[in-house]
Amino acid sequence: MQIFDYDNILLLPRQCRVQSRAECNTSIELGGRRFRIPAVPANMKTVVNESICEWLAANGYFYVMHRFDIDNLQFTRTMQDKGLFASISLGVKKPDYATVDAMAEAGITPEYITIDIAHGHADSVRDMLGYLKQKLPGAFLIAGNVGTPEAVIDLERWGADATKIGIGPGKVCITRLKTGFGTGGWQLSALKWCARVATKPIIADGGIRSHGDIAKSIRFGATMVMIGSLFAGLEESPGKTVEVDGELFKEYYGSASDFNKGEYKHVEGKRILEPVRGSLAGTLTEMEQDIQSSISYAGGTELLDIRKVNYVVLGGENTQDLM
Ligand SMILES: NC(=O)C1=CN([C@@H]2O[C@H](COP(=O)(O)OP(=O)(O)OC[C@H]3O[C@@H](n4cnc5c(N)ncnc54)[C@H](OP(=O)(O)O)[C@@H]3O)[C@@H](O)[C@H]2O)C=CC1
Ligand SMILES: Nc1nc2c(ncn2[C@@H]2O[C@H](COP(=O)(O)O)[C@@H](O)[C@H]2O)c(=O)[nH]1
């Protein structure tokens, strides 16, 4: 198997079919809704909060609220009372089961539930998927994170409606160093490998460092990408603002870091400072424009036309055949 990552792939242009990039449609369908772009901010405490999620839902973007120190029932109720879809995260522990019970009892079902644990190819995820199917059958279930085709096959078989791929490629991730495992450094290949067996949508999670990486993810089989670091430094982002030598930064820490956990136990994440840059709306608009350009380079008009292009592996030997 050939191994590569975002930095050593370039997509090859095909003859342009549009007069203007405005004709290129970046929208994507997931779970019965259509979203403006195939990118979602990571469900992390220093990336999203209630007001950001509300803004994203109201403006045609997908979101996944994080699962830390939050009342998921109240959050779901508030979003739905405002006519917006609710998209929450759950773990696999007792309090998560209690949340599901409370929702079922109240007759409230979030439109999207993401089961979000470090090692998603696990019996605990199988059990939670089964429980959710029984208690909240109307929810669209995303499960992860995983990094192998076997895991994708199992999660789909256990009831996941979409899988999330990426073990350790994140900017604040130290899984690779602490455990010796993961897709960090070859996330794009792992995505390609997983996409070959997937029969349901895949969310590529972690390692996106520039907007062109979104197009590369789509090319190799993603329906959506999840991004932390590019959103963590935005003006509205919930991380603490820190001034260093007159420059402003936002705190960005891993969900498995001691900063998020409140204790140093099974730590697989670190804290960094991201320079403050731009607004959420401005960044999303720029992403949309850049994806429109990607579609035009692909010689298409629709997002998934990007899947039709060929590519080269920089430092590799030959142009690859179509997937
Ligand atoms: N995408 C990635 O590469 C990673 C993401 N994260 C993020 O960090 C957050 C916290 O994750 P996590 O620690 O899983 O959440 P939790 O602390 O909620 O743990 C979830 C459950 O899985 C168990 N668990 C955790 N890791 C493993 C493992 N390697 N093998 C077997 N069981 C395990 C835990 O038990 P116990 O703690 O007792 O072992 C617990 O029962 C999540 O948001 C997750 O997405 C974390 C690491 C990697
Ligand atoms: N190994 C760890 N991965 C983590 C942790 N917290 C979050 N994450 C993952 O990173 C992505 C975001 O990656 P980025 O490259 O876009 O910044 C996020 O969605 C999680 O899957 C962690 O503590 N350890």
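Biologist: Where is the place of H266?
Modeller: The model is predicted: local features need pLDDT of at least 70, side-chain atom pairs count only at pLDDT 80 or more, and totals for chains, interfaces and linings use all residues. Residues are numbered from 1 along each chain as its sequence is written, while chains are lettered from A and ligands numbered from 1 in the order in which they are written. Helices (H or I, at least four residues) and strands (E, at least two) are DSSP runs, numbered from the N terminus. On that basis, H266 sits in the loop between α10 (258–261) and β13 (271–275).

Biologist: Is H266 buried or exposed?
Modeller: A residue is buried if 20 or more other C-beta atoms lie within 10 Å of its own, exposed if 12 or fewer, and partly exposed in between, with C-beta atoms placed from the backbone. H266 also has a phi near 50 degrees, a positive value in a residue other than glycine. Because H266 has 11 other C-beta atoms within 10 Å, it counts as exposed.

Biologist: What is the phi of D245?
Modeller: D245 lies in the loop between β11 (241–244) and β12 (247–253). It has 4 C-beta neighbours inside 10 Å and therefore counts as exposed. D245 is a residue other than glycine, yet its phi is positive, near 50 degrees.

Biologist: What does C24 touch, not counting residues up to four places away in sequence?
Modeller: C24 is in the loop between β1 (9–11) and β2 (28–30), and it is buried, with 23 other C-beta atoms within 10 Å. Its C-alpha is 9.8 Å from that of E288, a residue 264 places away in sequence. Two residues are in contact if their C-beta atoms, placed from the backbone, lie within 7 Å. Leaving out residues up to four places away, C24 touches V18, Q292, I295, S296 and T301.

Biologist: What covers the buried residues of α11?
Modeller: Helix α11 (residues 280–297) has 18 residues and reaches 26 Å from first C-alpha to last, close to the expected 26 Å; the expected span is 1.5 Å times one less than the number of residues. Its buried residues are T283, L284, M287, I291, Q292, S294, I295 and S296. Just after α11, G299 takes a positive phi of about 75 degrees. The cover over the buried residues of α11 includes β4 (39–41) and α8 (212–219).

Biologist: Which of the 24 residues around ligand 2 come nearest?
Modeller: A residue is near a molecule or strand if its C-beta atom, placed from the backbone, lies within 6 Å of it. Ala, Val, Leu, Ile, Met, Phe, Trp, Tyr, Cys and Pro count as nonpolar, Asp, Glu, Lys and Arg as charged, and the others, Gly among them, as polar. The shell around ligand 2 divides into eight nonpolar, 13 polar and three charged residues. Those that come nearest are G170, C173, G228, G254 and G269.

Biologist: Which of the 20 residues around ligand 1 come nearest?
Modeller: This shell has six nonpolar, 11 polar and three charged residues. The nearest to ligand 1 are G91, I117, A118, S255 and A256.
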